[in-house]
Amino acid sequence: MSTAKSAHVVPYYRPQGRECELFEAAFRQRLPLLLKGPTGCGKTRFVSHMAARLGLPLNTVACHDDLSAADLTGRWLLKGGETIWADGPLTAAARNGGICYLDEIVEARKDVTVVLHPLTDDRRILTLERTGETIAAPADFMIVVSYNPGYQSILKTLKPSTRQRFIAIDFDYPTPAIEAEIVAQETGIARDRADRLVALAGKLRMLKGVDLEEGASTRLLVSCASLIVAGLTLDEAIETAIIEPLSDDADVKRGLRDLVVAVIG
């Protein structure tokens, strides 16, 4: 988990449509927001960008199988011989304002989504059973959650009763022109080289569900371009930042290298 105050510098984010305006409208209307999209397509960067743009603190939680409701709400701790209550990231945001962002929400235990329910309807309250406290969220509080619907199994999905508490934005990888612009902007790599990496990513994404569980993400392209800018050869950067992260299978990796030669040369 991480907690960060909004900074004067707004993280770079290249809009693909009107998602920034949709986010601002959701915040103004006090509506919780669900972001859906593949791994590494920019969901987390988008939330960071919008938090800074709106001047809001951002509490980010990376959800996992062991994440419990107590991890979000808080717990009693021993400190200096005294028992004190320590707010979790959800409670801190509900008490003080700001965005609580739950990344990959479907990975969390089921009791986590139950805790969210009273905060995602018109009550906007959080009841802490361990302290007997009921917190009314301020106007500048917002819940944002995200997940990758293409990757999750049928056993790991949001119940309709939870999904319908959120408005949702569907994310995808950017168009080639926008993606190349992002890679060049993020790394300083020449635009023609960014175009070649994006062309390779397009071919790799066609293998999703066949030889690969996931295609090459925009995040991987940025990592690859960063290595090239740092002085690695194109082949070294692609091998390290794209091929190895995508697969452990020797035959698949050989096929990916052949595809790199066909696309990039």
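Select Val 183 and Thr 187 to begin: a polar atom of the Thr 187 side chain lies 2.7 Å from the backbone oxygen of Val 183. A polar contact is a pair of N or O atoms within 3.5 Å; within protein, one must be able to donate a hydrogen and the other to accept it, and residues adjacent in sequence count only if both atoms are side-chain atoms. This is a predicted model, in which local features need pLDDT of at least 70 and side-chain atom pairs count only at pLDDT 80 or more, while totals for chains, interfaces and linings use all residues. Residues are numbered from 1 along each chain as its sequence is written, and side-chain values use heavy atoms, with hydrogens and water left out.

Thr 187 belongs to helix H7; helices (H or I, at least four residues) and strands (E, at least two) are DSSP runs, numbered from the N terminus. With 13% relative accessibility, Thr 187 counts as buried, a class that means under 20% relative accessible area, with exposed over 50% and partly exposed in between (1.4 Å probe, protein chains only). Next, display what surrounds Thr 187: leaving aside neighbours within four places in sequence, Thr 187 is in contact (heavy atoms within 4.5 Å) with Val 222, Ala 225, Ser 226 and Val 229.

**The aromatic cluster**

Select Tyr 13, Phe 23, Phe 46 and Phe 171, which ring pairs link into a cluster. Rings of Phe, Tyr and Trp (its six-membered ring) pair if their centres lie within 6.5 Å; planes under 30 degrees apart count as stacked, over 60 as edge-to-face and the rest as tilted. The count by this rule is four aromatic pairs. One of them joins Tyr 13 to Phe 46 in a tilted arrangement, 5.2 Å centre to centre with 50° between the planes. Tyr 13 lies in the loop between strand S1 (2–4) and helix H1 (19–28) and Phe 46 in helix H2 (residues 43–54), so this pair ties together parts that are 33 residues apart in sequence. Both Tyr 13 and Phe 46 are buried.

Now move from Phe 46 to Phe 171: this pair is also tilted, at 5.2 Å centre to centre and 55° between the planes. Here Phe 46 in helix H2 is linked to the loop between strand S10 (167–170) and helix H7 (176–187), where Phe 171 lies, 125 residues apart. The relative accessibility of Phe 46 is 0%, and that of Phe 171, likewise buried, is 5%.

Select strand S2 (residues 33–36). Leu 33 and Leu 35 point one way, Leu 34 and Lys 36 the other way, and all are buried. In a regular strand the side chains alternate between the two faces of the sheet.

Within S9, Val 144 stands opposite Leu 33. Asp 170 in S10 is the bridge partner of Lys 36.

**Confidence**

Finally, colour the chain by pLDDT, the predictor's confidence in each residue, from 0 to 100. The chain average is 92, and 95% of the residues score at least 70. Over residues 3–7, pLDDT stays under 50. Where pLDDT is low, the predicted coordinates should not be read in detail.

Definitions and conventions
Two strands pair if DSSP finds at least two bridges between them.
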